[in-house]
Amino acid sequence: MAGFLDSYASTITFMALTGVFAYSFYAVLMAGQLSLAQAGLASAGAFTSSLVVPAAPLFGVIPRLVVGIAVGMAVGAALAFLLGLPVMRLRGVFLAIATLAFGEVVRILLINQSWTGGAQGLSFPKLVGIPEAWLALAVVAYWFWRLGGSRLGRALAAIREDELAAKAMGIDVTRHRMISFVTSGAVAGLYGVLLAYFVRFADPNAFGFSTAVDGLVTAVVGGTTLFIGPLLGSTFLTWLPELQRAIGVEAGWIRPFVSGLLLLLVILFLPGGLAALIPHRRRRAMAHPDAPPDLPPLPAPGTPIASLRAIRKEYGGVHAVRDVDLDIAAGEIVGLIGPNGAGKTTLVNIVSGLVPPSGGEGTVVGIPLGSGVPAHRIALAGVSRTFQQIKLFNRLSALDNVLVGAHRVSRPTLLRRMVLLPSARRDEKRALGQAFAQLTRVGLADRARLPAGDLSYGDQRRLEIARALAAHPTLLILDEPAAGMNHVEAHRLSVLIRALAEDGVTVLLIEHNVRMVLETCTRVVVLDFGEVIAAGDPATIARDPRVVEAYLGAEDDQAEPA
Amino acid sequence: MRRLSGSIAGAAVLALALSACGSGNTATTGGGGGTSALKGTGTGDTCKITTPIPIGAVFSLTGAAASYGESQKKGLELAAEELKAKGGVTYDVKIEDDATDPQQGIAVFEGFVTKDKKSLIIGPTLSNTAKQTDPVAQEGKTPVLAVSNTAAGITEIGDYIFRDSLTEGAVIPQTIKAAKDKFGLSKVVVMYSNDDAFTESGYQAFKKALDANGITITKTITFSKSDTDFRAQLAVAKASAPDALITSALIEAAVPLVTQAREVGITVPIIGGNGFNSPKLMAGAGKAADGVVVGAAWNSASSGAENAAFLTAYRAKYSADPDQFAAQAYTGLKLVDAAVRAGCSGEREDIKKHLAELKDVPTALGKFTMSATRDADTPAVVQVVESGKFAVLK
């Protein structure tokens, strides 16, 4: 073993360092962001640390490397924050290009500075060996392991799966993306410092585009949905050349060819990365979930929940919603019906804060509507919703979907999880209890472990409702929840909705199934061409001639869409 | 599908695990251990060592610097063949690839030093890789002979690091001196790419040599190694009417730079660093290359019996002309042989001792002496392009 450690000391160290670098990509990929700035951030961290690392331990006790790491991580995080301010609004390939450009800017800048040695590079003392590198990797891996099951970790995964749905569950998407960005910067800075103080030399050209791509490949090959992924990726890619050398593959083109081929196989057959090979650990707590926690009481029946006055929305020249007045009081089940294109979805998007109104005034759960009000604020204030097109976090389990829904009513646990405080575990169990109660409520408790994307259409509809309920909403908005359900299922849903109302939840229901609306709701509002053409109790609406003309005349065709 | 993917990945993981176990066993079977197997009897040409001397070579056979590494490999293999035919002392040369990646270079160096117990390591191809790999050998007390590193700060890494490649700092003063004698330079414009270690150190050497020769630099213009359009900078250069244009650039930039300089009407001599020392210059720039002055560590037109023999043997084996990289790698192993024979020992310490004492060894690079700082002391060749060919500047 000692001989092995000696002969492969550098490979073993690189395995750890490459792993750390891959974690800096994992940090953003887990939130669905493709950033390529990490090489530049690592470079900035490494060179800045060279300016401050003292010749002897600081104050005689703080090791030199610790000083370097602290500064490198701080520089990486700070630069990532500054970069994040302008680029955080970008997505996908645009974000990748912007961050790539940033990395190039850093490289050009550093190469033209005399304190970095320019293209000649800079020598560093050797302060890193196997123990330091692996300790750093262990700390980073531990961080991401504990992050995984925390409220923050779930929120990041939710953003990765569906940003809009995450927003609707009360997650501040911009802030969370920035958190992942800054974390990535800090880890990248750590990598830069460790690398420079291990290989004893760094030049700005070594932190270019190809370095960034290498890091990205390592993270993706390992897998971006499980904390162990980057470690697997670095194991795979670090040992591949060594392995080929050991089994005597002739030096030359055949080696990169074989490496490329294996990489291709992994990507083709393991889209989830090497981490997909690891069987999912079952959560022990699920056998005996706690009872749902005591949550603050919902508003007393009759309390005003939403009040809209002359609300308008125009898209170009199209008036999707015109001068709509709408009042919803606690305890009501308000049905919103109207033909296709009547403006129903636009109206609920306004109510839930996803779309700012073009004109008019409105207050929802105490929050005034307007362009400056982010959707997550309204969600946090107590508005929860489902979507016409199902928006689940498909790769997360049904239970995790509902746990994200509980974001609003659970407390941050990451820092307490880091130090293994029992109170964090209690909070997690409480959130689990809340989530399980909702799954049971919609009849999905036995499918809690399945990925949401694998559920049947009807189950996905019900899961969305469970997720919305987990937020303990004051106002629950259901956008065509019965679409695709048969008579029996629609009836069960109707029973569930009335039971919710009895528990004090106010419901705004959009539905094409008019029979169901009439049987469920306490009040019905009819929209046509963006205007309210009738409102009242179900019996009155069913007889209103304007409604019959505009909409109910087609009841036979539309009552039960296929 | 799921099963297939599982088994493929399973196989990959298994293979990794196996390699981790297997490699432990292959360690320490080399000729190390400090026994006398590597010591022989006799001295010089009569030296006889029964065990082949284990030599490791690290070149960039793939990746960005692959074209250099390929030449080095050919030169080295030719030398090993010739030494084997000569007999007495043979060499077990293991050539490894660093894939132009310093991390792999470090791993290979470590294997050579610790596991394979090589008596000496030749390489690596690039200077910036050497700055990361050579400390590993220095710590492991394994001599290294660099055969292509030209940057400053390589042999300073430690007393086990040697090189046979002339630095820019050694070639360029001779180039400037010869050019001054020939063209009577008094003021020049300097252009260089400042984002490459090699060209940047070339610039430093030029500046020092120009100052030493009392030549005024009227303008210093920088560009990036990836640039291809220099017309704007060349117009600025032309405006100050220099006696010569001094450039430090890689061949990729050198070709368009020289071509465009002639286009904008710069007719004075263009003096280049080692980056210009490539047949690609004439192939790419054509007639525009005429009048370009290049200093080099080696030129095929150099005189000397060793160089003539090298050229003949190389052409016979590879049916192609060698370049400077092949010549330096070829010479490298010949120098190692000279050091081994001097002490009739393939032990690391003995090779180190006798490499440092090499003096006036006739080689393809000319008469070779190892300087006190373990650097090459050989004459540079100052060439000028005439009718599309390098000729010695007289």
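Q: Which residues of H15(A) are buried?
A: A residue is buried if 20 or more other C-beta atoms, placed from the backbone, lie within 10 Å of its own. Helices are DSSP runs of H or I with at least four residues, strands are runs of E with at least two, and both are numbered from the N terminus. In this predicted model, where local features need pLDDT of at least 70, side-chain atom pairs count only at 80 or more, and totals for chains, interfaces and linings use all residues, the buried residues of H15(A) are Ala398(A), Leu399(A), Asp400(A), Asn401(A), Val402(A), Leu403(A), Val404(A) and Gly405(A). Thus 8 of the 8 residues in H15 (398–405) are buried. Residues are numbered from 1 along each chain as written, with chains lettered from A and ligands numbered from 1 in the order written.

Q: Which helices do the buried residues of H15(A) pack against?
A: Two residues are in contact if their C-beta atoms, placed from the backbone, lie within 7 Å. The partners of H15(A) are helices H7 (151–161), H17 (422–442) and H18 (457–470) of chain A.

Q: How many residues does each chain give to the contact between chain B and chain A?
A: Chain B gives 40 residues and chain A gives 36. On the chain B side, H1(B) gives the most, with 12 residues.

Q: Where are the domains of chain B?
A: Domain bounds come from an automatic or database assignment. For chain B, domain 1 covers 32–166 + 304–377 and domain 2 covers 169–296. Their centres, taken over C-alpha atoms, are 32 Å apart. In the contact between them, domain 1 has 7 residues and domain 2 has 9.

Terms used
A residue is buried if 20 or more other C-beta atoms lie within 10 Å of its own, exposed if 12 or fewer, and partly exposed in between; C-beta atoms are placed from the backbone.
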